[in-house]
Amino acid sequence: MSDPNTTLPNCPQCDSEYTYEDGVLLICPTCAHEWTATEPEEAEDNATRDANGNVLENGDAVVVIKDLKYNGGVVKVGTKVKNIRIVDGDHDIDCKIDGIGAMSLKSEFVKKA
């Protein structure tokens, strides 16, 4: 257990002050968010991250983790997308998918290959 004189940080998700330690994790009982004390706060980090929290950069290859419907059909789970470009906006990845063409994707639906 940690020193009772040290204060734990508020939850980065809901700003609750009732966080507690469980091993190396800090846990918020209000919203059930778990994080490590060394984990950077996401609010300060402007990096684009995949579904697993890995930082994505221009030129990376990613794999689609969910069937994604669009006007002309479906991008299937497991589709590998090479040479992505990070952009600002709701759909934060621009790419070209073989057999489909140019498309914008949300980073939450891909994982780094």
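**Close-up views of a predicted model**

The disulfide count is zero, a disulfide being a pair of cysteine sulfur atoms within 2.5 Å. This is a predicted model: local features need pLDDT of at least 70, side-chain atom pairs count only at pLDDT 80 or more, and totals for chains, interfaces and linings use all residues. Residues are numbered from 1 along each chain as its sequence is written, and side-chain values use heavy atoms, with hydrogens and water left out.

Cys 11 is in no disulfide. Its nearest cysteine sulfur belongs to Cys 31, 3.6 Å away. Cys 11 is buried, at 2% relative accessibility. Here buried means under 20% relative accessible area, exposed means over 50%, and partly exposed lies in between (1.4 Å probe, protein chains only). Cys 14 is in no disulfide either. For Cys 14, the nearest cysteine sulfur is that of Cys 28, at 3.6 Å. Cys 14 is partly exposed, at 33%.

**View B. Salt bridge between Asp 60 and Lys 112.**
The structure holds three salt bridges. The term covers a side-chain nitrogen of Lys or Arg within 4 Å of a carboxyl oxygen of Asp or Glu. In this one, Asp 60 and Lys 112 meet at 3.5 Å, N to O. Asp 60 sits in the loop between strand S3 (34–36) and strand S4 (62–64), and Lys 112 belongs to strand S11 (residues 110–112), so the pair ties together parts that are 52 residues apart in sequence. Helices (H or I, at least four residues) and strands (E, at least two) are DSSP runs, numbered from the N terminus. Asp 60 is buried, with a relative accessible area of 15%. Lys 112 is partly exposed, at 35%.

**View C. Salt bridge between Asp 90 and Lys 106.**
The closest N and O atoms of Asp 90 and Lys 106 are 3.4 Å apart. Asp 90 is exposed, with 55% relative accessibility. Lys 106 is partly exposed, at 22%.

**View D. Salt bridge between Arg 85 and Asp 94.**
Arg 85 and Asp 94 form a salt bridge, with the closest N and O atoms 3.0 Å apart. Arg 85 is partly exposed, with a relative accessible area of 47%.

**View E. The S8-S9-S10 sheet.**
Three strands form an open sheet in the order S8-S9-S10, with antiparallel pairing. S8 and S10 stand at the edges with a single partner strand each, so one side of each has no neighbour in the sheet. Two strands pair if DSSP finds at least two bridges between them. S9 and S10 pair over five bridges, in the antiparallel sense. Gly 101 in S10 is the bridge partner of Ile 97. Strands of a sheet pair through backbone hydrogen bonds, either parallel or antiparallel.

**View F. Positive phi in two loops.**
Most residues other than glycine have a negative phi. Ala 32 has a positive phi, near 70°. Ala 32 is placed in the loop between strand S2 (25–27) and S3. Ala 32 is exposed, at 57% relative accessibility. Asn 83 also has a positive phi, near 55°. Asn 83 is found in the loop between strand S7 (80–81) and S8. Asn 83 is exposed, with a relative accessible area of 57%.
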